[in-house]
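Subject: Structure for you to look at

Hello,

Here is the structure I said I would pass on. Please open it beside this email and follow along; my notes come after it.

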Amino acid sequence: MMAVLLSLALLFTELSLLAFGGGNTILPEMQRAVVQVHHWMSAQEFSALFALAQAAPGPNMMIVPLIGWQVAGWSGLLVSSLAKFGPSSVVTLIVMGGWKRYKDRPWRQVIQRGLVPVTVGLVVSSGLLIAKASATTLSLAGVIALCTLLALNKRIHPLWVLAVGAVLGMVLG
């Protein structure tokens, strides 16, 4: 059990420090580590935990404590949460002081503009990974495509898109 907790701590500390542009940017690496490296769950179980985490109120990284709990119970939940949210919070506090101090420097704007495509690419990669794991049938792939189009092209609240996807998934899946 101690080895599993240590693995959770190391994994989520590393991911915490790599989560540049938001938590969803690390989903592909999180899924790879949890599913392929450690074999703690299947891709479908990871996708289900992600969907549950997104449906729940709160931060979009609620998947982290869910993974910890699934892998090692309450102690896994605590270890994974502290490892994921602690290091990045400390780094953010330190960096924000300097970031504010240099707010008028031209290099700061260049860095910000350069990070936009990196962040967008990581978020798109995360979406594709979750979609691939969730599209176990052709009809579910259609539901994913429809919900993606709705979210991108219509001014519909994301919870409505989630509800449409859930209903269609239950009916067609």
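The protein chain has 7 helices and 0 strands. Keep in mind that this is a predicted model. Read along the sequence, the pattern of the chain is α-α-α-α-α-α-α. The C-alpha atoms fill a box of roughly 55 × 45 × 25 Å, taken along the principal axes. The chain has 173 residues, and buried residues make up 28% of them. Among contacts between residues at least 6 apart in sequence, 56% join residues at least 24 apart.

Start with α3, which has 13 residues. From its first C-alpha to its last, α3 reaches 18 Å, close to the 18 Å expected at 1.5 Å a residue. Which residues of α3 are buried? They are A43, F46, S47, L49, F50 and A53. Looking down the axis of α3, you will find these buried residues within an arc of 160°, so they line one face of the helix. The cover over the buried residues of α3 includes α2 (residues 27–37), α4 and α5.

Helix α6 runs over residues 138–153 and has 16 residues. Its reach from first C-alpha to last is 22 Å, close to the 22 Å expected at 1.5 Å a residue. Here the buried residues are L140, V143 and C147. Seen down the axis of α6, they fall within an arc of 50°, so they too line one face of their helix. On the other side of α6, the residues L138, L149, L152 and N153 are exposed. What covers the buried residues of α6 includes α5 (106–134) and α7 (158–172).

As background, rolling a probe the size of a water molecule over the atoms shows where empty space is left.

The largest pocket holds about 1400 Å³ of space. It is lined by 33 residues, and the closest to its centre are F50, I130, I144, C147 and L162. Two of these have come up already: F50 is among the buried residues of α3, and C147 is among those of α6. Which elements give two or more residues to this lining? They are α3 (43–55), α5, α6 and α7. The largest share, 9 residues, comes from α5. By class, the lining of the largest pocket divides into 22 nonpolar residues, 11 polar and no charged.

The second largest pocket has a volume of about 450 Å³. Of the 16 residues that line it, A19, F20, V91, T92 and V95 are the closest to its centre. At least two lining residues come from each of α1 (2–18), α4 (63–101) and α5. Helix α4 gives the most to this lining, with 7 residues. The lining of the second largest pocket has 8 nonpolar, 7 polar and 1 charged residues.

Is P65 buried or exposed? With a relative accessible area of 9%, P65 is buried, because the cut-off for buried is under 20%. Leaving aside its neighbours within four places in sequence, P65 is in contact with L77, S80, S81 and F85. P65 and N153 are 88 residues apart in sequence, and their C-alpha atoms are 32 Å apart in space.

Next is V79, which also has its place in helix α4. V79 is partly exposed, with a relative accessible area of 23%. Apart from its neighbours within four places in sequence, V79 is in contact with L5, L8 and A9. V79 and V37 are 42 residues apart in sequence and 19 Å apart in space, C-alpha to C-alpha.

At 60% relative accessibility, H39 counts as exposed. Most residues other than glycine have a negative phi. In H39, a residue other than glycine, phi is near 55°, a positive value.

That is what I have for now.

Regards

Technical notes
Residues numbered from 1 in each chain as written. Predicted model: local features only at pLDDT ≥ 70, side-chain atom pairs only at ≥ 80, totals over all residues. Heavy atoms only, no water. Helix = DSSP H or I, 4+ residues; strand = E, 2+ residues; numbered from the N terminus. Expected span 1.5 Å × (residues − 1). Buried < 20%, exposed > 50% of the residue type's maximum accessible area, 1.4 Å probe, protein only. Arc of directions from axis to C-beta. Contact = heavy atoms within 4.5 Å. 1 Å grid on protein atoms, 1.4 Å probe; cavity = no way out; pocket = protein on both sides within 12 Å on 5 of 7 lines; lining within 4 Å. Points joined across faces, edges and corners; volume = space filled by probe spheres on them. Nonpolar A, V, L, I, M, F, W, Y, C, P; charged D, E, K, R; others polar.
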